[in-house]
Amino acid sequence: MTTSNSKYTPVNHPLKLSLLTLSILGLVACGGGGGGSKSSSSSAQSSSTTSSSLASSSIPSSSSASSSSVPDEGMTLLKTDGNKWVKASGTQINLKGTNLGNWLVQEFWMMGQGGNGVHDQCTLEAELTKRFGYDEKERLIKVFRDNWIKERDWDQIKAFGFNVVRLPILWSVIEDEKNPKTLRADAWHYIDWSIAEAKKRGIYVILDLHGALGGQTPNDHTGCSGQNKYWSTPEYQERTKWLWEQIATRYKDEPVVAAYDPLNEPWGSTAEDMATRVLELYDVIRKIDDKHIIMLHSHYGSIDVYGDPATKGLTNVAFQLHPYPGLFGDRPGDTHYDVHRDWLKCGQNGLGGVCDWDKKITALKTPLLMGEFQPWQSAGLELGGKIGRATYDIFAGYNWASTSWSYKLVSIAGGQGKGTWGMVTNEINTSLDTGVGLITKASTWDCANWNSTFANACAKKATVINTNGTGTKHYYVVIKTGANGGANPDVTYDSISLKNNATNEEMLVNGGFGSGSGWTELTISGALNFDYNNTDASKQPTGGDGANLRITRPAGVTGEINGALYQQITLQAGQSYTFSGVFKDNGSVNTWAEIYLIEDAPVAGKDVVDNAGKVDFTTASAEQIEQLFKSYGDVGYDVHSGLAKWLVSSEHNDVFDYPEKPTNVTLVQTGTNVALTWTAIAGTDITYNVYRSSVAGVKGTLIGENLTVTAFADSGVSEEETYYYSVTAKNKIAEGYASNPVNTKLLFVAVPAKIEAEKYTSMSGVQLENTADAGGGQNVGHFETGDFIEFKIKTETAGNYSIDYRLATQTGSTGFEVLIDDVVVDTRAVEATGGWQTWVTKSSGTFALTAGNHTLRFRSLGKEWNINWFEIKKQ
């Protein structure tokens, strides 16, 4: 899994990174505007662009999101003015909107489909062509596109208060795939229709080449997963230039087009290669169109490769970033609220998150588009709505345009849940058999650091299982666990039970584990390690008892891993059954845990999926496929009620009305006892929480809660460990930031020794994240220039020493320098290792060290590098 190491700016979405491993997600929700009622509004029938211009919609804000002090001039060509987006007159416009994902580029996780080798746009079109012929394939794809987005969707987008959409486009929507550099007969149909519908509602459109020919990343959102051939194929680069010539020629005078986005997430090569190709496309467009804004996409979380656009002679350009804070294991243990508060309110020190980006963008005097982001997923509808509104408003407060990912998703089960990835989804599907297929599920994308019962699982809650018909029925209970390449799953299960509600008879064998009796192992891809007798109490799910099942990655096994345990059971038709149990992710990242009840025996090498409600594109008739595609336009919507309310509300959004952090925290240690005091915080209904950690800069474990006094006593602490304490204040809205930490006596580590990077005694700017390196635990990352981590060490004897470093980076970095007592002893660049969690060990040269206590500091010279541990050796 790929994440950025820019502060609070993990990049890319779990679902867009690995479709096959993530055909495990649901969708989201609704309310307002379209009202959730079924609609028979027409589809994309018109390709006219001659509709009269309307005034752009007014977007509510905590202050004012649109400039209304002057008469509205209607929709004009947009341009840049310093770091602002402005209309022709120079009047600022704050663009707020969303992406129309899965429409002109399919992403199968967004429509609840896929299987048997059909998992993206390319495999679907290939299968339809093979089975029905090219013309019928074309007809069926048109049916899909005519129904995924209809007029009712444009009405709903307007009802959300939006004035811009980002339109992801696949290259073959425009270019005839059979005749290179030739326009399709209907090349402009859907784009023209989008512009016409947007114009009617005062909405701008950003044209986004989401899938370039050959693929600009290996990910499914390019239309064809596993390719990434754009960078190495001159023909594909030339045809992409031709494509943008056609787009620029057609829309050079169209005011509804806000900007051109030449390449979405062009991360399949180096930052330098990306800049070369993006600027190449800039030149192609500028020869035809000198009016429209052109986007300069970040390389993961960095725009440094472009330098200052003005000094490069670039005009009317804007940067683009795709921040997804908290969705990639970069904030293990933190709540949804904490993650987004830190991103939007700049973190504990007030310098990170959006403040860091504001500093960069202001210095470059160039606008910014937050082109994809997702603040409401799994937050709950009310909190998700409030954080969603705050995100849009705070971005606008910095003059940034913003388009969330994404407007619409459809799942088999339907319904809002706690909020998933879309603003609208389909109504709950009541036609499915209850309890059969996928019966419970959690994943680290739905809820990092889960520890729950099956009944409270974050992605799919276990419900009563009802069997229909007569006689006995044979099923298989399948416990499936897996993780993306580079991730180390560590999932435990216990107390698994399936009981007949009438007789209380237990239907499962050995659901409490202690051995593998009754269970059969299944390899789907890679390999898993099954420990049926895990007794590590720290891994025990809450509610478990005794030994449990622990599933991990075997040593030496790389790449995606996916496997299962299963056993056959016999149920009585007409009876109901209760399925229960507990499971825990133990800090896993990029990991899923799913339990199925299926009729067919599992087969090695074949994934276990819930096919209920799915269409098998390899066997379904053309009529069945057409029926599925038409259903996307007719299904009743369930609109995210929190977003529908808060995006257009004039009510004060109190989501970040938390109290100040406590001050004057003091610590007195007497042996194994610690006494804390602090100054009271002014406010109503203020209480305090106390946290303790063995890692500097980490809030740690809650040890005192809802205190009404300004003192706390801790006891039984080890005198052989340094502890860090912090205090927070709470009101009825939220918990505020932690106080500056205080600590017990700093202990010096005797060297030679191997030291975990997260055991620093002081730091600035960095973050911890779960590591996929051997041994698990956490690594330190998200370095920016000037950030540091510091350690206290001691040597018994003077001599020559060296350091081994355990390092990883996706992009490469200018690295860091090592200082001992403020003297530089090593300077190291970090070459790309193949991934953020692809680890290598590098060694320093020798340096002299005197006997005694020392301060060792890693000071970052660049950014985007990770360190897991280092080992100081005596030579």
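**View 1. The side chain of Gln320 and its polar contact with His322.** In this predicted model, the side chain of Gln320 makes a polar contact with the side chain of His322 at 2.9 Å, where a polar contact is a pair of N or O atoms within 3.5 Å and, within protein, one must be able to donate a hydrogen and the other to accept it, while residues adjacent in sequence count only if both atoms are side-chain atoms. Gln320 belongs to strand β8, residues 317–321; helices (H or I, at least four residues) and strands (E, at least two) are DSSP runs, numbered from the N terminus. At 0% relative accessibility, Gln320 counts as buried, a word that means under 20% relative accessible area, with exposed meaning over 50% and partly exposed in between (1.4 Å probe, protein chains only). When its neighbours within four places in sequence are left aside, Gln320 is in contact with several residues, including Arg166, Asp261, Met295, His297 and Gly371, contact being heavy atoms within 4.5 Å.

As to how the model is treated, it is predicted, so that local features need pLDDT of at least 70 and side-chain atom pairs count only at pLDDT 80 or more, whereas totals for chains, interfaces and linings use all residues. Residues are numbered from 1 along each chain as its sequence is written, and side-chain values use heavy atoms, with hydrogens and water left out.

**View 2. The disulfide between Cys122 and Cys224.** The structure holds three disulfides, each being a pair of cysteine sulfur atoms within 2.5 Å, and one of them joins Cys122 to Cys224 with an S to S distance of 1.4 Å. Cys122 lies in helix α2 (residues 121–132) and Cys224 in the loop between β5 (204–211) and α6 (234–251), so the pair ties together parts that are 102 residues apart in sequence. Cys122 counts as partly exposed at 31% relative accessibility, whereas Cys224, at 12%, counts as buried.

**View 3. The disulfide between Cys346 and Cys355.** Here the S to S distance is 1.9 Å, and the torsion about the S-S bond of Cys346 and Cys355 is about 75 degrees, so the disulfide is right-handed. Cys346 has 4% relative accessibility and counts as buried, while Cys355 has 23% and counts as partly exposed.

**View 4. The disulfide between Cys447 and Cys458.** The sulfur atoms of Cys447 and Cys458 are 1.8 Å apart, and with -60 degrees about the S-S bond this link is left-handed. Cys447 sits in the loop between β12 and β13 (451–453), and Cys458 in the loop between β13 and β14 (465–466), eleven residues apart. Cys447 is buried at 18% relative accessibility, and Cys458 is partly exposed at 24%. With bonded cysteines counted along the chain, the disulfides of the protein chain follow the pattern 1-2, 3-4, 5-6.

**View 5. An open sheet of five strands.** The strands stand in the order β12-β22-β15-β20-β17, with antiparallel pairing, and two strands pair if DSSP finds at least two bridges between them. β12 (437–443) and β17 (520–525) stand at the edges with a single partner strand each, so one side of each is left without a neighbour in the sheet. From one strand to the next, the twist averages 20 degrees. Strand β15 (residues 472–483) and strand β22 (residues 591–598) pair in the antiparallel sense over eight bridges, and the bridge partner of Val477 in β22 is Leu597.

Methods: Axes fitted to C-alpha atoms, helices over the stretch in contact; angles between N-to-C directions.
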